[in-house]
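Dear colleague,

I am handing over the structure below, and after it I set out what was found. Please keep it open beside this note as you read.

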Amino acid sequence: MPRLIGFKKKKIAVFISGTGSNFKNLIKYSLKKNSKFEICLVVSSRSKAKGLNYAEKYNIKKKVISYLNIKKAEKNIINELKKNKIDLICLAGYMKILSKNFIKNFKGKIVNIHPSLLPKYKGLNTYQRALDNNEKFSGCTIHYVNSKLDSGKIILQKKVKILKNDTSDKLAKRILKQEHLLYPKALNKVLINS
Ligand code: GRF
């Protein structure tokens with residue numbers, strides 16, 4: 001019997017600021033027959049984010065948020081989330097810090113993808129820092145968002161081996177490949193329990 005009978009697809013908003021390869025990948029996954037979610041909205045902090053092109057291509061509502069005033073920005077975002085009855089927010093390369101208040105309002109409803117094996121290498125420049133420390137592995141993590149940067153409960157992680165003569169760029173590429181596999185998996189895990 002099909003597993004999804006009676007299951008209402010969860011509505012997801014993806015937040016981006018740049019390339020949006022994770023956004024694109026989540027859209028593609030969401031179009032598969034047994035997907036538990038649909039992407040209903042993309043929020044971008046940059047009007048020129050390349051990822052916004054995927055919103056056009058796949059006919060997904062987009063909202064570009066001006067961050068001149070963070071309170072107004074977040075009020076705008078909340079309006080859009082409500083209007084579109086969003087169940088879960090997926091951060092994917094979103095370069096703005098969400099306020100404590102915003103996060104409190106959406107407790108347990110925001111997840112993020114981070115290119116390191118958290119709790120190691122929170123913040124930026126994760127690849128180079130892992131290389132500089134002669135780590136044997138790096139990787140990616142999907143975690144819930146709480147008020148401390150890259151510190152919420154971990155949902156899933158994937159290790160990526162660091163190779164001899166690795167560079168930050170090469171490592172980033174290999175990790176990104178794994179990110180694309182991990183994010184949909186993590187969403188399935190989160191949504192099956194919700
Ligand atoms: C990814 O490496 C993700 O881990 C980090 O930002 C990057 C976003 O890449 N949070 P893309 O815009 O999805 O291609």
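A residue is called buried when its relative accessible area is under 20%, exposed when over 50%, and partly exposed in between, with a 1.4 Å probe and the protein chains only. This is a predicted model, in which local features need pLDDT of at least 70 and side-chain atom pairs count only at pLDDT 80 or more, while totals for chains, interfaces and linings use all residues. Residues are numbered from 1 along each chain as its sequence is written, and side-chain values use heavy atoms, with hydrogens and water left out.

Aromatic rings

Rings of Phe, Tyr and Trp (its six-membered ring) pair if their centres lie within 6.5 Å, and planes under 30 degrees apart count as stacked, over 60 as edge-to-face and the rest as tilted. By this rule there are 4 aromatic pairs. Tyr 29 and Phe 37 form a stacked pair because their ring centres are 5.8 Å apart and their planes lie at 15 degrees; Tyr 29 is partly exposed, at a relative accessible area of 22%, whereas Phe 37 is buried, at 0%. The pair of Phe 102 and Phe 106 is tilted, since the centres are 4.9 Å apart and the planes at 35 degrees, and both of these residues are buried. One aromatic cluster is made up of Phe 15, Tyr 67 and Tyr 94.

The ligand

Around the ligand (a heavy atom within 4 Å) there are several residues, among them Thr 19, Ser 21, Asn 22, His 114, Tyr 127 and Glu 179. As for polar contacts, which are pairs of N or O atoms within 3.5 Å, a ligand oxygen is 2.6 Å from a side-chain N or O atom of Ser 21, and a ligand oxygen is 2.8 Å from a polar backbone atom of Asn 22. In Glu 179, a polar side-chain atom lies 3.0 Å from an oxygen atom of the ligand.

With kind regards

Technical notes. A polar contact is a pair of N or O atoms within 3.5 Å; within protein, one must be able to donate a hydrogen and the other to accept it, and residues adjacent in sequence count only if both atoms are side-chain atoms.
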